[in-house]
Amino acid sequence: MPGERLSVRGTREVGRFPGAPPPVRVELTIQKEEEKKKEGGCRQWFRKTCLCCCKRQNSDSYDITDKVEFFKPPAPVPEPTKPKPENGEAQEMEAKKLSVSSVDLLSSKTGQNRQEHHTDLYQGDELIIRRGQTFQIEMELDRPFNADDDHLHLELKTGPLPLVSKGTHVIIPLVDDLEDERWEAKIVERNGNKIKLSVNSPATAVIGLYGLTVTTSTSKGEAPTIHDPKKNITLLFNPWCEEDAVFLDNEEEVKEYVLNDTGRIYYGTEKQIGARTWNFGQFNEGILEACLFILEKSDMPPSGRGDPVNVVRVISAMINAQDDFGVLVGNWSGDYSDGVPPSAWSSSVEILRKYHSSDGTPVSYGQCWVFSGITTTVLRCLGIPARSVTNFQSAHDTDVSLTTDVYFDENMELIRHLNSDSVWNFHVWNDCWMARADLPPGYGGWQAVDSTPQETSQGTFRCGPASINAIRSGQVYLKNDTPFVFAEVNSDKIFWQRNLDGTFSQIGSEKKAVGHCISTKAVGSDKRADITHLYKHKEGSDEERIAVETASRYGSKPEVYGAAKAEDVSVEVKMEGEGPRMGADAHLSIVVKNLSSQPRRTTLHSQVAVMYYTGVLKGTIRKEQTPVDLLPNEEKTIEWMLPYQQYQNQLVDQAALMLTLCGRVNETQQVLAHQTTFRLRTPNINITPSAEACVGKEMSAKITFINPLPRTLEGVIFRVEGLGLQEGHEVVVGDVAGHSTVTLTEHFIPTLPGSRKLVASLDCKQLTQVHGVANIVVLEQ
C-alpha cells in the first residue's frame, strides 16, 4: 500500500508484563518505485556535479556531460504562518507529556505502612516493609492522570546486576484489581495532580534493599519519562503472612521471636543452670543496615535471598569469621588481650555496628553464646522467627560416628590424644521457624542452626538449618547437618579400653549422657522453658532408643549396638542445692548402688580436671582411689571434696571442672564408668534503680558487686548498657581487694517508654560470667 507504516516495538516488555506502557515507536515508510515524484532541478544539478554519488536508479550508466552548468537553485517557498492556538488547545498539546514531580513513600514510623507491616520499631524514616503484603505510596504528577491515555509503572532493583529473570529487577504494572502472589499496583485515590497507589508484593520476593524509579508515558508516542526519587525500600520476610515460608501462626510467639529485642541466654551445667540477659537490639539504629551488609558480604547472589533456608545457612556461616571474614572471631584459648573477652559482651549491637563501620573487619572475641546472640539479632531483624537455645551436656562428634567415644588404656587411664570427641557442659545455638519445601512433608517448623565454628559443612564452617522433627526421630539423612545436631543432643557415650594387642573393646556405655535440659526463654516472660521434648523422645523410652539406633546406622560405627550386658552396680554423682561456690571448697556426693542379691566389691578411681566449657580438658588437678564394699542391695554414699587451694590458680573460663569415675566389679567384671561436670558458681551484680523512670528525665541506678575470692581481682572493668536507657560503655574500676565491695552509680536519661533492661557485666581475668540486670519500666513524658 502507498505510504504503508510498520510499527516496531521493543521485544523485552511486550507480552511479558501485562499493562506495561508501549516503548517508543519507530515508523518506517515504504514507497513504491512508480510513486516517486518527478526529479526536481536541485536534484538534477547535484547529480551532474557529483557523478559518483548520484547514480540513476532507472539506468545502469551515469549521466556524463561534457559541460557542467552552474545555476542558482530556486528560492524555497515560505511556509504559511500558522495561527497561535487558543489557551485550551495549548493545554491539550502540553498534556501529551506526563512526568512525576515527587514521590512520598509514606515511610513515617507512625504511618500506615510501618504500622501495618510491624516495622515501626526500626529506627529511622526509611520505608521498611514485609513481603506478601500491600503498601501505599503517593506521588505528585505535573498534571492530572488520564487512565485512558497515560501509562505508569514502577521499577524496583536490588543487587549489583539486577535481572528480571532473577527477581532482582521488578517491573510493577498498574492494574484494575490486585491479585495475590505478584507484583502489582493499583490507583486507590486521586486528588488533582496527586495519586495514591496500593502496591502488592509476592510472599516469595527477594528480600533486601531496593532502589525505586517511576516510568511515565502516554499513548501519543513520546519517549517515556523516568523519575528517580532517590529513595530506597527495604523488603523483609513476613511471619504474619500465611504464604510466606516463615509464617508463624501464633501472635504471642511472633511477638517473642521477632519483635522482642531482649532475651535470656542460659549457661553453666544441667544441675547449675545460670541465665544472663542479652540485648538483641534488632531495631537499634544501624542494625538493619549491618544485617543487609552481612548478606552483601556473603557469596550468595541476591536472587537467593527469597528462600529463608538459603538465607539462614548463609547467616550461619557469616556470623563466624573462621573462613569468610564474618562478624566474630572465636577464641577459646583464655587469652583475649587483643580484644574483648567473650564473657564481657551482653549485647549484639556494639558488635554488629563495629563490624559494619569497619567495612567487614571481624570483631574479637566470641564463644557460643555470643555467636547465638548475634544470630538471633540478625534473623529477627530480617523477619525470621528465631530464639537462642542452650543444650546442657552437648556432645561434639568429630568422626561422624553419632556416638561420643571415650578411650582408656590397659590401666583405665584416659588416652588424651584419642579422645577427640568431647561433651561441652553447655552449648548455645539457635532455632528458627520456617516451612521446608525442600524436605518431605512434616519436617517444617523449628530448625536448628549453629553459627559457632565447630565442624565444616560442605567446606564451610556452618551448621543447619536442620529440622528438629528429623533430629527427634533419628532421620539423619535429611539435610542440613542433621547428623551433627543429633549427636549433640542424643548420642550415647561409648567407653573403649585398649587391649594388649593394641585393639579396642567396648567396655560400657552411658545412654543418658548428653542432651539434657535443652533451654530457651519462655514466651512472654523471663522464665526458662525446657524444650528437650522437641529434640528427643523421653530418655530411655522405646521411641528414643529406636531413634538412636536408626541414626547410628548412618554413622561410622554402626556395630556399637550389640547384645546388652548384665549390669547390677551403678554409680552417680549428686550435688547439693545450686552446687559449689567460687572461693570455697567444692563438695559432691558419689552414690554407688548394688542392685543384686549378692555382695559386690570394686575400687573406684576418681580424677578431677579443669575443663573448658567446650569439654576440652586443661589438666588433672587431683586423683584418688577408693575401695568400695557393697552388701546385697546396698546403697553407699562417698563424700568427695576439692579444697579451694587446689583449684584457685588452675581455673579457666566458666570455672568448669570434670570428675571422671571408673572401676571394675570384682565378681562380674562389670566396668563402671561415669563422668560429670560442674562449675563453681560466681556472684551476681546487683542493680538498683533510684527512682521512677520517665522518658527525657534523668535518673540513676546503683550497681554493686562483692568480690567472693580471698584474693585481689586485677584490672576490673564493668560494661553497662540498656536499650532505650543509655548506650553501652565501659567503666574502668582497676584492682578490687579480696572480699571487698564495689559500688557504681550510673546516671542516664531514658529515651524510649515501656519495659526496659539495664544490663551490667564484669570483665576480669580471675573471674568470668559475672553479670546482672535490672528491669525498669519507663513511663511516657
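This is a predicted model: local features need pLDDT of at least 70, side-chain atom pairs count only at pLDDT 80 or more; totals for chains, interfaces and linings use all residues.

Student: Is H674 buried or exposed?

Tutor: The relative accessible area decides, and buried means under 20%. H674 has a relative accessibility of 14%, so H674 counts as buried.

Student: What does S755 touch?

Tutor: Not counting residues up to four places away in sequence, S755 touches I776 and V777. S755 belongs to strand 41, which covers residues 754–763. With a relative accessible area of 58%, S755 is exposed. The C-alpha atoms of S755 and N775 are 6.9 Å apart, while the two residues are 20 positions apart in sequence.

Student: How should I read a pair of aromatic rings?

Tutor: A ring pair is described by the distance of the centres and the angle of the planes. In this structure the search finds 17 aromatic pairs. Take W332 and F371: the ring centres are 6.4 Å apart and the planes stand at 20°, so this pair is stacked.

Student: Where in the chain do W332 and F371 lie?

Tutor: W332 is in the loop between strand 15 (328–330) and helix 7 (349–357), and F371 is in helix 8, residues 368–382. The pair links distant parts of the chain, 39 residues apart. W332 is partly exposed at a relative accessible area of 22%, whereas F371 is buried at 1%.

Student: Which arrangement do the rings of W640 and F678 have?

Tutor: Their planes are at 75° and their centres 6.2 Å apart, so the pair is edge-to-face. W640 sits in strand 32 (residues 635–642) and F678 in strand 34 (residues 671–679), so the pair ties together parts 38 residues apart in sequence. W640 is buried with a relative accessible area of 5%, and F678 is buried at 1%.

Student: Which residues do ring pairs link into a cluster?

Tutor: Ring pairs join Y257, W433 and W446 into a cluster. W446 also has a charge over its ring: the charged end of R387 sits 3.8 Å from the ring centre. Elsewhere, R719 lies over the face of W345, at 5.8 Å from the ring centre.

Student: And how do I read two packed helices?

Tutor: Two packed helices are described by the angle between their axes and the distance between the axes. Helix 5 (residues 287–297) and helix 8 have axes that come within 10 Å and cross at roughly 100°. Angles of 65 to 115 degrees count as roughly perpendicular, and helix 5 and helix 8 are therefore roughly perpendicular to each other. On the helix 5 side the contact is made by I287, L288, C291, L292, I294 and L295. Helix 8 contributes T377, V378, C381 and L382.

Student: What about the chain as a whole?

Tutor: The chain has 13 helices and 42 strands. Of its 781 residues, 52% are buried. Among contacts with a separation of 6 or more, 66% join residues 24 or more positions apart. The accessible surface comes to about 36700 Å², and 49% of that surface belongs to carbon and sulfur atoms.

How values were computed. Residues are numbered from 1 along each chain as its sequence is written. Side-chain values use heavy atoms; hydrogens and water are left out. Rings of Phe, Tyr and Trp (its six-membered ring) pair if their centres lie within 6.5 Å; planes under 30 degrees apart count as stacked, over 60 as edge-to-face and the rest as tilted. Helices (H or I, at least four residues) and strands (E, at least two) are DSSP runs, numbered from the N terminus. Buried means under 20% relative accessible area, exposed over 50%, partly exposed in between (1.4 Å probe, protein chains only). A charge sits over a ring if NZ of Lys or CZ of Arg is within 6 Å of the ring centre and within 35 degrees of the ring normal. Contact means heavy atoms within 4.5 Å. Accessible areas come from the Shrake-Rupley method with a 1.4 Å probe; for residues, only the protein chains shown count as cover. Axes are lines fitted to C-alpha atoms, for helices over the stretch in contact, and angles run from 0 to 180 degrees between N-to-C directions. Angles under 35 degrees count as roughly parallel, over 145 as roughly antiparallel, 65 to 115 as roughly perpendicular and the rest as oblique.
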